[in-house]
Amino acid sequence: RLAGAVCVLGSATPALESWRNAAAGKYRLLELPERVEGRPLPAVEIVDLRRGRGGRAGATVTVPAAPARERAATGREREPSTPILSPPLVAAMAERLERGEQTILLLNRRGYSTFVQCRDCGAVWSCLNCNVSLTYHRMRRRLVCHHCFHEEAPPITCDVCGSGDLSFRGVGTEQVERTVAETFPAARLARMDVDTTSGKWAHHEILGRFERGEIDILLGTQMIAKGLDFPRVTLVGVVNADVGMNLPDFRASERSFQLLAQVAGRAGRGDRPGTVIIQTALPDHYTIRCAVAHDYVGFAERELAEREGPGYPPHTRLINVVVSGTEEMAVQEAAESAARWVRALPELRDAVTLTGPAPCPIDRVRSRWRWHFLLRSRSPRALGRVGRAIHQRLDLAGGRADLRIILDRDPVALL
């Protein structure tokens with residue numbers, strides 16, 4: 001603004017805040033409704049993963065049982081008959097391999113199994129520092145916390161009841177990689193996630209091989225969903241579109257739609273038409289339906305309506321106030337005390353509302369307990385006045401609990 005410059009924001013899936021600004025005239029909307037050279041958007045097929053819906057969920061490719069010595073060392077790695085690749089996706093991948101074309105598979109969850117559970121008593125292996133389950137990484141033979149990076153060896157018997165009947169449940173990119181390799185042993189396969197791209201230039205090396213045609217199937221998390229332009233990619237498969245859809249965060253549906261729409265755009269960017277196959281147990285959800293129809297406008301209108309009632313952005317502005325500390329009760333009391341203090345502020349008046357306090361969705365991370373409350377207002381200035389008052393005048397008196405307060409203005413996520 002000071003320099004008289006023009007700022008251009010470009011996206012196939014704009015944030016709802018930007019879309020609302022364009023609709024209100026604050027931004028000028030410029031649309032590119034067609035692909036380069038008028039190429040068609042890919043055809044999209046939904047595969048319903050629910051059992052009893054057309055029989056598809058029951059007829060799926062599964063990972064064979066682990067060898068006896070592997071089961072003895074780590075328990076059964078996963079439940080039998082858990083669907084990973086549906087018959088339509090397997091058939092489409094086989095067709096691409098036969099034609100010398102390339103496939104991209106998306107699963108936005110790394111690791112091999114998402115949690116380990118005792119079949120007898122139901123105990124789940126959790127992180128010592130965070131209130132989350134540990135993810136099993138088969139290549140490293142470790143259980144890993146994706147928040148604090150705590151690691152430990154996978155169990156052989158249950159710590160609670162002593163049973164050796166352990167179940168390794170849930171699906172991550174490592175398990176999909178194994179399934180694809182066993183289904184298509186001759187295919188050249190590469191996996192891209194945090195585990196395989198942590199080395200210097202590893203990301204560029206994998207994409208370089210894919211661009212040169214040295215990889216037939218590229219499997220990965222969200223890092224493969226955007227910006228890739230490979231003309232030989234004619235098939236995109238979404239292994240599970242429901243990952244992240246039901247997170248306790250008001251942006252969960254928006255992020256899911258963005259991911260599906262962006263990864264779908266990787267197919268058919270050359271002269272050959274593309275196809276997208278989305279596996280989901282929520283085929284009637286508006287997020288899935290709009291992604292299938294390449295309908296951003298329809299999704300934006302529905303999502304804006306969904307957020308209006310509870311008062312989430314872009315209808316209002318937010319500050320997420322997070323209180324954390326090393327003692328659970330001290331954090332709860334401090335959060336409740338801070339909320340009472342804020343409610344008494346003259347700056348609050350009628351322009352700002354307070355919701356909470358309550359435990360954060362992940363209430364302990366890195367050995368620190370977390371509570372939060374939300375400040376909402378349609379006036380950014382009123383919200384700013386309350387935020388400054390908290391920052392300048394609120395004293396938590398941490399003591400032994402090492403209490404801290406964080407003000408997250410316009411939060412990207414509430415987890």
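This is a predicted model: local features need pLDDT of at least 70, side-chain atom pairs count only at pLDDT 80 or more; totals for chains, interfaces and linings use all residues.
**Entry 1: Glu 303 and Arg 307**

I then checked how the two side chains are paired: Glu 303 and Arg 307 form a salt bridge, with 3.1 Å between the closest N and O atoms. Both residues belong to helix H8, which spans residues 296-308, and they are separated by about one helical turn because they stand 4 residues apart.

**Entry 2: Other salt bridges**

I searched the whole structure for salt bridges and recorded 28. I next examined Asp 229 and Arg 269, whose side chains meet in a salt bridge at 3.1 Å, N to O. Asp 229 sits in the loop between strand E9 (217-220) and strand E10 (233-238), while Arg 269 sits in the loop between helix H6 (252-264) and strand E11 (275-280), so the pair ties together parts that are 40 residues apart in sequence. Asp 229 is partly exposed, at 46% relative accessibility. Arg 269 is also listed as partly exposed, with a relative accessible area of 26%.

I also followed a network of salt bridges that links Glu 95, Arg 96, Arg 99, Glu 101 and Arg 272. Within this group I looked up the contact between Arg 99 and Glu 101, where the closest N and O atoms are 2.8 Å apart. Arg 99 is partly exposed, with a relative accessible area of 41%. Glu 101, at 6%, falls under the 20% limit and therefore counts as buried.

**Entry 3: Positive patch**

I looked for charge gathered on the surface. Arg 349, Arg 381, Arg 385, Arg 388 and Arg 409 form a patch of positive charge there. Which helix gives the largest share of the positive patch? Helix H10 (residues 380-393) does, with 3 residues. Arg 388 is found in helix H10, and its relative accessibility of 47% makes it partly exposed.

**Entry 4: Cysteines**

I searched for disulfides and found 0 in the structure. Cys 130 is in no disulfide, and the nearest cysteine sulfur, that of Cys 148, is 3.8 Å away. Cys 7, in contrast, counts as exposed, at 66% relative accessibility.

**Entry 5: Backbone geometry**

The peptide bond from Pro 313 to Pro 314 is cis, with omega near 10°. I placed Pro 314 in the loop between H8 and strand E12 (317-325). The peptide bond from Gly 356 to Pro 357 is cis too, again with omega near 10°, and Pro 357 lies in strand E13 (residues 353-365).

I then recorded positive phi values in residues other than glycine. Phe 149 has phi near 70° and lies in the loop between strand E5 (142-144) and strand E6 (151-152). Asp 410 has a positive phi of about 50°. I located Asp 410 in the segment after strand E15 (404-409), where it is partly exposed, with a relative accessible area of 33%.

Conventions
Residues are numbered from 1 along each chain as its sequence is written. Side-chain values use heavy atoms; hydrogens and water are left out. A disulfide is a pair of cysteine sulfur atoms within 2.5 Å. Buried means under 20% relative accessible area, exposed over 50%, partly exposed in between (1.4 Å probe, protein chains only). Patches are made of residues with over 30% relative accessible area and no salt bridge: like charges are joined within 9 Å, nonpolar side chains (Val, Leu, Ile, Met, Phe, Trp, Tyr) within 5 Å. Accessible areas come from the Shrake-Rupley method with a 1.4 Å probe; for residues, only the protein chains shown count as cover. A salt bridge is a side-chain nitrogen of Lys or Arg within 4 Å of a carboxyl oxygen of Asp or Glu. Lys and Arg count as positive and Asp and Glu as negative; His and the chain ends are not counted. The place of a charge is taken as NZ of Lys, CZ of Arg, CG of Asp or CD of Glu. Helices (H or I, at least four residues) and strands (E, at least two) are DSSP runs, numbered from the N terminus.
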